[in-house]
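Biologist: I have just opened this one and would like a short tour. Can we go through it piece by piece?

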Amino acid sequence: MDMKVNIAGVEWKNPVTVASGTFGSGEEFSDFVDLNRLGAVTTKGVANVPWSGNPTPRVAEVYGGMMNAIGLQNPGIELFCQRDIPYLKQFDTKIIVNVCGHAPEEYLAVVERLADEPIDMMEINISCPNVNAGFLAFGQDAGHVEELTAQIKKIAKQPVIMKLTPNVTDITEIAKAAEAGGADAISLINTLTGMKIDINRRTFALANKTGGVSGPAVHPIAVRMVYQAAQAVNIPIIGMGGIATAEDAIEMILAGASAVSVGTANFHDPAVTLKVIDGIEKYMEKQGFETVKDMVGAVR
Ligand SMILES: Cc1cc2nc3c(=O)[nH]c(=O)nc-3n(C[C@H](O)[C@H](O)[C@H](O)COP(=O)(O)O)c2cc1C
């Protein structure tokens, strides 16, 4: 039985990575998880310069998950390259760097800076507000997605994963736009926009008013979107959204994901990724799957 997967030419030892922003750059989880066991580590989002993020409070609990409006706080690409990449290079796992920006030039500056760094893939977060389009997220407009993907692909030296937002009417239109722009893979879903009101303080639970909902509550929506995207494109899909168990991950793979990311679940069980990896292996054994690839999209 073989747990290896090939995502856009990059071989992972198993199909499990962590979702950006829920695992730092691995260091804060290394007491709980042997990073050598993960298929890949996906870092938190990094921009061309440091971002301080949104005012607090910026996280809240909701039924079946959480809401966040961190605002992509990050140290900027320079410090990231000096500190986080060398840290991750100590481990035998693939490195996926998640990239954010407010305008195409900001994304391109990060992608260019990463060109000669020893990373394996990059994941482009297009849920960021686009300053040139009235702060609507890049990922909510198919034209912007295709254009940004094409610009990034012109200069990227590593395979490019475009990370889609679920806050759209038709996910297949956006998935196809990423593929048309030349994306090597897509990942989905990012968080779903929500709102929570603190009735005692009679104000919003998050200072930003709205925030992104994640965790088990969003899982069925994520499975549906991964399935729809898998029917629409021929590039590999990394599926995420509410994965908390091996069963959740297997569902995502059967729906069409070639690999999966575990996000919010890391917060209540920092070793959950290892349980997901072991559980997928046991399932493959029980169901007679020789390779992960045989499972991908097996339910149509
Ligand atoms: C606290 C927090 C921070 C996040 N930061 C990022 C980020 O920097 N870049 C990104 O693309 N997604 C970010 N996400 C979205 C997750 O990577 C993931 O797409 C989403 O939470 C759905 O997966 P989950 O339900 O397993 O958490 C963040 C999510 C959370 C909860």
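Biologist: Which residues are buried in helix 2?
Modeller: This is a predicted model, to begin with. In helix 2, which covers residues 104–114, the buried ones are Pro104, Glu106, Tyr107, Leu108, Val110, Val111 and Leu114.

Biologist: And what covers the buried residues of helix 2?
Modeller: The cover includes two other helices, helix 1 (77–89) and helix 3 (142–155). It also includes strand 7 and strand 8, the latter made of residues 121–125.

Biologist: Where is lysine 94 found?
Modeller: Lysine 94 belongs to strand 7, residues 94–99. Strand 7 is also part of what covers the buried residues of helix 2.

Biologist: Why does lysine 94 count as partly exposed?
Modeller: Because its relative accessibility is 26%, and partly exposed lies between under 20% for buried and over 50% for exposed.

Biologist: Which residues is lysine 94 in contact with, leaving aside neighbours within four places in sequence?
Modeller: Val10, Glu11, Trp12, Gly39, Ala40, Val41 and Asp120.

Biologist: Change of topic, the ligand. Which residues come nearest?
Modeller: Ser20, Lys163, Gly215, Gly242 and Thr264, out of 21 residues around the ligand.

Biologist: How does that shell divide into nonpolar, polar and charged?
Modeller: Five residues are nonpolar, 15 are polar and one is charged.

Biologist: What lies 2.6 Å from an oxygen atom of the ligand?
Modeller: A polar side-chain atom of threonine 264. Asparagine 125 also has a polar side-chain atom by a ligand oxygen, at 3.2 Å. With serine 20 it is a backbone N or O atom, 2.8 Å from an oxygen of the ligand.

Biologist: How much of the ligand's accessible area does the protein cover?
Modeller: On its own the ligand has 610 Å² of accessible area, and the protein covers 94% of that.

Biologist: Back to threonine 264. Which side chain makes a polar contact with its side chain?
Modeller: That of serine 214, at 2.7 Å. Serine 214 sits in strand 14, residues 210–214.

Biologist: Is serine 214 buried or exposed?
Modeller: Buried, because its relative accessible area is 11% and the cut-off for buried is under 20%. Leaving aside neighbours within four places in sequence, serine 214 is in contact with Gly64, Gly65, Met66, Thr191 and Thr264.

Technical notes: Residues numbered from 1 in each chain as written. Predicted model: local features only at pLDDT ≥ 70, side-chain atom pairs only at ≥ 80, totals over all residues. Heavy atoms only, no water. Near = heavy atom within 4 Å. Polar contact = N/O pair within 3.5 Å; in protein donor to acceptor, adjacent residues only side chain to side chain. Areas by Shrake-Rupley, 256 points an atom, 1.4 Å probe, with all protein chains shown as cover. Nonpolar A, V, L, I, M, F, W, Y, C, P; charged D, E, K, R; others polar. Helix = DSSP H or I, 4+ residues; strand = E, 2+ residues; numbered from the N terminus. Buried < 20%, exposed > 50% of the residue type's maximum accessible area, 1.4 Å probe, protein only. Contact = heavy atoms within 4.5 Å.
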